[in-house]
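Thanks for coming, everyone. Please take a look at the structure on the screen, and then we'll walk through it.

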Amino acid sequence: MSLPSHQATSLALFCKVVDNFGDIGICWRLARQLQQEHGIAVTLWVDDLSSFKRICPEVDITAVEQQLAGVTVRYWSNQELVFSAGDIADIVIEFFACDIPEGYIAAMATCEPRPVWLNLEGLSAEDWVEGCHRLTSPHPRLPLMKYFFFPGFTDKTGGLLRESSLQDQRRRFQDDPEAVMAFLAQLGVTNTEAAALKVSLFCYPCAPVSALFAAWQDNATAMTCLVPEGVAAEAVQAFLGVPAQAGTARTRGSLTVRVLPFVAQPDYDKLLWTCDLNLVRGEDSFVRAQWAGKPFIWHIYPQDENLHHVKLGAFLRRYSASTDSLIAMSLCWNGAQAGHIERQADWLMLWQSLLADMPGIARASADWQRQMHANGDLSSNLLKFAASVRSEAA
Ligand SMILES: Cc1cn([C@H]2C[C@H](O)[C@@H](COP(=O)(O)OP(=O)(O)O[C@H]3O[C@@H](C)[C@H](O)[C@@H](O)[C@H]3O)O2)c(=O)[nH]c1=O
């Protein structure tokens with residue numbers, strides 16, 4: 001059966017790694033899903049293979065071109081690469097407004113029909129996103145149109161990234177205690193640590209980790225904090241008393257802190273599914289924590305003039321599983337509280353209120369997942385939009 005002509009079969013995704021792992025984390029997830037679930041021939045152009053390798057150990061950092069999970073991965077070495085019309089994909093995505101090579105844009109303008117050119121933007125719960133989603137931006141000189149595509153939390157946005165089998169995989173894993181224990185054991189977690197309340201920790205270096213550790217240490221509940229190597233390294237080292245290397249653990253009072261290896265992306269999901277509370281950051285781990293259905297605290301990517309506090313507020317207002325305790329803890333964790341929390345007792349109080357609310361938050365998060373599910377998933381929404389642009393142009 002031949003495909004309708006507006007159905008795209010190839011896609012190029014350009015990813016510039018600005019910092020950390022979110023840029024490539026999101027692009028890699030999107031690329032795999034487009035290929036595996038929609039049969040699209042995806043080429044992922046990425047300018048930093050070493051960062052990519054941290055979340056996907058199969059990456060060969062010396063390869064100019066390689067096949068990974070059905071995706072063609074190409075090293076984006078410079079802006080002077082030369083292209084012809086035959087190199088251009090049906091859909092071209094620039095991630096976070098990265099400048100794609102001029103030669104690629106020039107070749108796009110010679111294609112008939114023109115490719116659908118999208119700028120895939122960052123995730124925000126702010127109201128203005130709905131108004132900017134799908135906005136057009138004509139090229140100043142060439143006969144090309146670019147469209148803004150925004151992920152988001154409502155049906156007037158592109159939705160969130162979610163693989164079609166994600167929730168089944170999560171349930172199967174969580175319903176299999178042996179698989180959970182084997183996963184934890186493989187990360188070096190002991191049975192005693194596994195039996196305690198488990199928290200995963202992923203945040204930016206500015207998070208008040210030491211204050212939270214002190215509260216956990218003083219509280220009666222036995223806790224295990226699992227922290228991937230390199231995260232909050234200063235505070236973790238201060239707690240451990242030795243360098244924060246994978247495999248190192250130390251118990252003080254009620255708290256054990258264990259440093260894990262930085263795991264491959266699918267294992268990071270398992271970590272979120274296994275823990276009772278997840279401290280996450282940026283964009284991709286933030287979304288994965290929502291699909292994990294467990295309480296989570298978001299450490300938002302810091303921006304100038306505390307712009308990120310506005311974004312944090314917008315999410316907390318929208319997030320239907322929010323309780324007062326979750327809001328208070330989230331604001332303090334991000335330095336966005338009205339007054340300053342300085343005394344240790346305040347952190348202990350914050351923590352105890354959150355702990356008491358956690359079962360209710362976990363229950364309410366199922367409803368949030370249903371709402372997000374109803375918006376469709378980002379990959380399918382993106383392909384539907386591209387098909388509509390192509391059919392209008394035909
Ligand atoms: C801790 C951990 C994370 N990961 C993955 C999960 C995610 O795909 C990725 C982390 O990405 P994020 O959660 O988005 O956080 P992040 O902070 O790493 O990434 C980003 O945040 C964006 C908002 C910014 O725009 C980016 O420039 C970037 O800073 O790393 C692993 O694969 N293994 C691990 O052990």
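Is R74 buried, partly exposed or exposed? R74 is partly exposed, and its relative accessible area is 29%. Keep in mind that this is a predicted model.

R74 has a partner. That partner is E65, and the two form a salt bridge. Their closest N and O atoms are 3.7 Å apart.

How many salt bridges does the count come to? Twelve. I'll show two others.

Start with R288 and D269. Their side chains meet in a salt bridge, 2.9 Å from N to O. Where do the two residues sit? R288 is in helix α11, residues 284-292, and D269 is in helix α10, residues 265-274. So this pair ties together parts that lie 19 residues apart in sequence. Now, buried or exposed? R288 is buried, with a relative accessible area of 2%. D269 counts as buried too, at 5% relative accessibility. The cut-off for buried is under 20%, so both values qualify.

This pair also belongs to a network. Salt bridges link R29, E163, D269, D284 and R288.

Next, R370 and D367. Here the side chains meet in a salt bridge at 3.8 Å, N to O. Both residues lie in helix α14, residues 344-374. They are three residues apart, about one turn of the helix. Why does that spacing matter? An α-helix has 3.6 residues a turn, so residues three or four places apart point the same way. As for accessibility, R370 is exposed, with a relative accessible area of 56%. D367 is partly exposed, at 36%.

Last stop: helix α13, residues 324-333. Which of its residues are buried? The buried ones are S325, L326, M329, S330, C332 and W333. They cover an arc of only 165 degrees around the axis, so they sit on the same side of α13.

One detail to finish. After α13 comes G335, and its phi is positive, near 65 degrees.

Conventions
Residues numbered from 1 in each chain as written. Predicted model: local features only at pLDDT ≥ 70, side-chain atom pairs only at ≥ 80, totals over all residues. Heavy atoms only, no water. Salt bridge = Lys/Arg side-chain N within 4 Å of Asp/Glu carboxyl O. Buried < 20%, exposed > 50% of the residue type's maximum accessible area, 1.4 Å probe, protein only. Helix = DSSP H or I, 4+ residues; strand = E, 2+ residues; numbered from the N terminus. Arc of directions from axis to C-beta.
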